[in-house]
Amino acid sequence: VEKAGKKETFSIQDNDADSDVEIENQEEEAQGELEIDFNQSLEEVRAKSQFRRIPVPKNRMTPLKDNWEKVVTALVDFLKLQVRMNTKRKAVELKTSEHTKETGAIQKAADFLKAFMLGFEIQDAMALLRLEDLYIESFEIKDVKNLHGDHLSRCIGRICGEKGKTKFAIENSTRTRINIQGTKIHILGTFSNIKPARDAICSLILGSPPGKVYSQLRMV
């Protein structure tokens, strides 16, 4: 809200280390006389000033450049948002416009970009824009079992399997998508589908052979 030509900016940052989204509410500078429309709802006022900045990790800069046209098309045509790449801050900036009709559009766009920055394929990340009940669950291997050195490498190998066979089997049987970044594991799917996928991965981390995990997935 602007008062007497002054500009008030509110900045909210999540203290969680895994949160990569910075939220800022910005108001445009007044031009000429101050005009206030008292017929506007609170949602309409907020929708005009919503702004998000999603940082881009170094390892995702090249994939983002390769898929930039698809990203912009999805956010502009589907959600009616304004999008730009801030090269100085190395972040994608989103802003609502007068054409944005959906109240949760900017949050959907932030979730979509966050999924892409975590390493998911562009087609899998786009599912967050179309479906309402999808979300991402992330955890580290050390949260399940504290492993180091060769034990950690073998654990990651058990989760992936030969040429990704084990990971693909879990994804296809649970209808989820799994992304492994170092010791962090990210699962994309619905709540009911993420649980069996997480249980299967945890069993592999704890040392269960892949064959036993396969049989458990068939029972599910």
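This is a predicted model: local features need pLDDT of at least 70, side-chain atom pairs count only at pLDDT 80 or more; totals for chains, interfaces and linings use all residues.
## Reading contacts, cores and backbone angles

User: Where is Val56 found, and is Val56 buried or exposed?

Analyst: Val56 sits in the loop between β3 (50-55) and α2 (61-66). Buried means under 20% relative accessible area, so Val56, at 7%, counts as buried.

User: Which residues have the most contacts inside the largest nonpolar core?

Analyst: A nonpolar core is a set of buried residues such as Val, Leu and Phe joined through side-chain atoms within 4.5 Å. Here the largest one has 29 residues, and those with the most contacts inside it are Leu75, Leu94, Phe112 and Leu113. Two or more residues each come from α3 (68-78), β5 (91-95), α4 (105-117) and α5 (122-130). Of the elements, α4 gives the most, with nine residues.

User: Which residues is Leu113 in contact with, beyond its neighbours within four places in sequence?

Analyst: Leu113 contacts Ile54, Val71, Leu75, Val92 and Leu94. Another core, of 18 residues, lies apart from the largest one; Leu147, Leu152, Ala197 and Ile205 are among its members.

User: How should I read Arg84: is Arg84 buried or exposed?

Analyst: Exposed means over 50% relative accessible area, so Arg84, at 52%, counts as exposed. Arg84 belongs to strand β4 (residues 82-86). Beyond its neighbours within four places in sequence, Arg84 is in contact with Trp68, Ala91, Val92 and Glu93. With Glu93 there is also a polar contact of 2.5 Å between the side chains. As for Leu94, it is ten residues from Arg84 in sequence and 6.9 Å away, C-alpha to C-alpha.

User: What is the phi of Lys80, and what is the phi of Lys163?

Analyst: The general idea is that most residues other than glycine have a negative phi. Lys80, in the loop between α3 and β4, has a positive phi near 60°. Lys163 has a positive phi of about 55°, and lies in the loop between α7 (149-160) and α8 (165-174).

Notes
Residues are numbered from 1 along each chain as its sequence is written. Side-chain values use heavy atoms; hydrogens and water are left out. Buried means under 20% relative accessible area, exposed over 50%, partly exposed in between (1.4 Å probe, protein chains only). Helices (H or I, at least four residues) and strands (E, at least two) are DSSP runs, numbered from the N terminus. Contact means heavy atoms within 4.5 Å. A polar contact is a pair of N or O atoms within 3.5 Å; within protein, one must be able to donate a hydrogen and the other to accept it, and residues adjacent in sequence count only if both atoms are side-chain atoms.
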